[in-house]
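Here is a short tour of how this model is put together. Keep the viewer open and follow along.

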Amino acid sequence: MAADTILSVENIEVVYNKTIQVLRGLSLSVERGKVVTLLGSNGAGKSTTLKAISGLLELENGAVTAGSIGFDGRKVADDTPHGLVRRGLFHVMEGRRIFEDLTVEENLTAATFALSGRGVKPTSFDLVYGYFPRLYERRTGRAGYLSGGEQQMLAIGRALIAQPKLILLDEPSLGLSPILVEEIFGIIARINRETGVSMLLVEQNAAVAFAVAHYGYIMETGKIVLDGPTDRLVKDQDVREFYLGMAGGETSRSYRDVKHYKRRKRWLS
Amino acid sequence: MSDFLFFLEVSLAGLGSGALLSLTALAFVLIYKATRVINLAVSEILMMGGYFFFALAAGMSLSPWVALPLAIAGGGLIGAIVERGVIRRMLGESAISVFMVTVGLGSVLVGLVEFVWGTNPRTLPDFTGTAPVFIGQLYISRKIAIAFVVASLVIAIFLLLFRYWRGGVALRATATDQAAAYSCGINVPGVFSAAWIIGCATAAGAGILLGAIGGISPVMGAFGLSALVVVIVGGLDSVMGALVAGLLIGLVEAWAGTYLGGEYKLVSTFIILIVMLMVRPYGLFGTTEIERL
């Protein structure tokens, strides 16, 4: 692997409850400073991949049974989940997972534990409020009363506080209106540009993911089936058809051709 | 008029023992809040606190002011050992199994105390003085007054820490969402340990105060039963609830004990418990999601 690779996942297999295999030899890598997206349909194993990287898999009775994951020059298996966060790997979990009983400020305070033992200056909360002015207005309110979009902002804000080298973003578009999705992805792209933090972005919404990512992986039933720079992926016939809902050519394809879709998709897996 | 004075004195004594109940309840709440374990052994750790103090102050004739912190630390040590050795291995097991382990642990501790110190009640060496305290015309036993002041101070400190200290935020974050706490870089197992250590140390401290008032015996853990009622009435995860419900139950017990007769003390406590469970199963200040045990 090249020296500027911050995350490399090599041939991992993940099994839940010692019986259900979810990932079958998945490999991917993230270059320092880049946004990489991981796309796939429901149940493909995207979130599992992220949890395997951040070590949160253990909490759900899952285990990496083969392969290895390296983050910033060291295997993640050597670290505890919170140890990894303190090494600079921040996982923004699916469904936002903010602390609802705590205030907005306390949520950000909780994220300051990611800086323990790193000898860095504590992040000013103003950094977060700079990106998300709306959070500043509601900083003393209970986080549970925030709207879905604001909660997602808070979840990303917590990541900013942790001064990470790599952020794992699990479906930040989940349950948000199209306008909010656009706003949040705009900010995600800005954060990457301005702070240089690398990102691994899991999405179902391929169009917005391609708009911010430099490189993309597409996974199906536990392994990568296609990858490439996003500008090449968006031109790929199959990606256009299956993930962007465009059938090539100017007119969209008739529903009559759904059978065709099933047959053609099979080669991918 | 003297009747009214008497009533006030009874009430003050009730508040005193209520503060002790609150303190013990705090131990339950701390441990439950962080680890979602109802630690029934809190009652026996309270007893151990009393016996540690007895062993250090009477057995080894240390000064009470040296024995006091040592006995409290001893309670914390038990907490650390139990959490590290038993509870952490059981993470993810059903709540009932962990609960039963704490019940068993309580019996083991009682057995240990009977084995080492015998079953006879003992009196703790006096370290508070005995001169009664007067508020105006009201007479209060000095020990109960001290217990009240200490317990209220400790609870006030905990309330402030929870609100304003970073570690308090970590504890509340862990209580709300373990995985998310991990993802923020919070050392979740560390929080668990800390909660057990602080909780058990608090219980041991309450045991010393309780022992100073009424002496120690292997059955003094029964006090923890009333504290458990306090916790359920106040809300399993609420420090504020522990405080308010502790004082409330202390008052009711004192009134019932004085005006109805000693045998009605526990009856009245448990009537409150039953009514509470029917009306507000999550307690006065508890989180309003229903916790199944």
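## The six-stranded sheet in chain A

This is a predicted model, so let's start with a sheet you can pick out in chain A. Its 6 strands line up in the order β6-β7-β8-β3-β9-β10, forming an open sheet with mixed pairing. Look at the two ends: β6 (89–92) and β10 (223–229) of chain A each have a single partner strand, so one side of each has no neighbour in the sheet. On average, neighbouring strands here are turned by 15° against each other, if you ignore direction.

Now zoom in on one end. Strand β9 (residues 215–220) of chain A pairs with β10(A) in the antiparallel sense, over 6 bridges. Within that pairing, Met219(A) sits opposite Ile224(A) of β10(A).

A helix packs on this sheet too: helix α1 (residues 46–54) of chain A. It touches β3 (35–39), β6, β7 (166–170), β8 (198–203) and β9 of chain A. The direction of α1(A) makes about 150° with that of β7(A).

## A four-stranded sheet, also in chain A

Chain A has another open sheet, this one with 4 strands in the order β2-β1-β4-β5 and antiparallel pairing. Its edge strands are β2 (20–31) and β5 (74–75) of chain A, and each of them pairs on one side only.

Inside this sheet, strand β1 (residues 5–16) and strand β4 (residues 62–71) of chain A run antiparallel and are joined by 8 bridges.

## Chain A as a whole

How does the radius of gyration of chain A fit with that of a compact globule? For 269 residues, a compact globule would come out near 18 Å; chain A has 19 Å, so the value agrees.

## Crossing helices in chain B

Over in chain B, helix α1 (residues 2–35) meets helix α9 (residues 223–234), with their axes coming within 8 Å and crossing at roughly 70°. Angles from 65 to 115 degrees count as roughly perpendicular, and α1(B) and α9(B) therefore fall in that group. Their crossing is right-handed. On the α1(B) side, the contact includes Leu21(B), Ala25(B) and Phe28(B); on the α9(B) side, Phe223(B), Leu228(B) and Val231(B) are among the residues involved. By class, the contact of α1(B) with α9(B) has 9 nonpolar, 5 polar and no charged residues.

Another pair to look at is helix α6 (residues 166–176) and helix α8 (residues 188–214) of chain B, whose axes come within 10 Å and cross at roughly 110°. That makes α6(B) and α8(B) roughly perpendicular to each other as well. Here Ala170(B), Leu171(B) and Thr174(B) of α6(B) meet Val188(B), Val191(B) and Ala195(B) of α8(B). The contact of α6(B) with α8(B) has 5 nonpolar, 1 polar and no charged residues.

## Where the two chains meet

How many residues of chain A are in contact with chain B? There are 24 in chain A, in contact with 17 residues of chain B. On the side of chain A that touches chain B, α2 (81–87) and α3 (104–111) of chain A each supply at least two residues. By class, that side of chain A divides into 12 nonpolar, 6 polar and 6 charged residues.

Methods
Residues numbered from 1 in each chain as written. Chains lettered and ligands numbered in written order. Predicted model: local features only at pLDDT ≥ 70, side-chain atom pairs only at ≥ 80, totals over all residues. Pairing = 2+ DSSP bridges. Axes fitted to C-alpha atoms, helices over the stretch in contact; angles between N-to-C directions. Contact = placed C-beta atoms within 7 Å. Parallel < 35°, antiparallel > 145°, perpendicular 65-115°, else oblique. Nonpolar A, V, L, I, M, F, W, Y, C, P; charged D, E, K, R; others polar. Left-handed = near helix turned anticlockwise from the far one by under 90°. Rg over C-alpha atoms; globule rule 2.2 N^0.38 Å.
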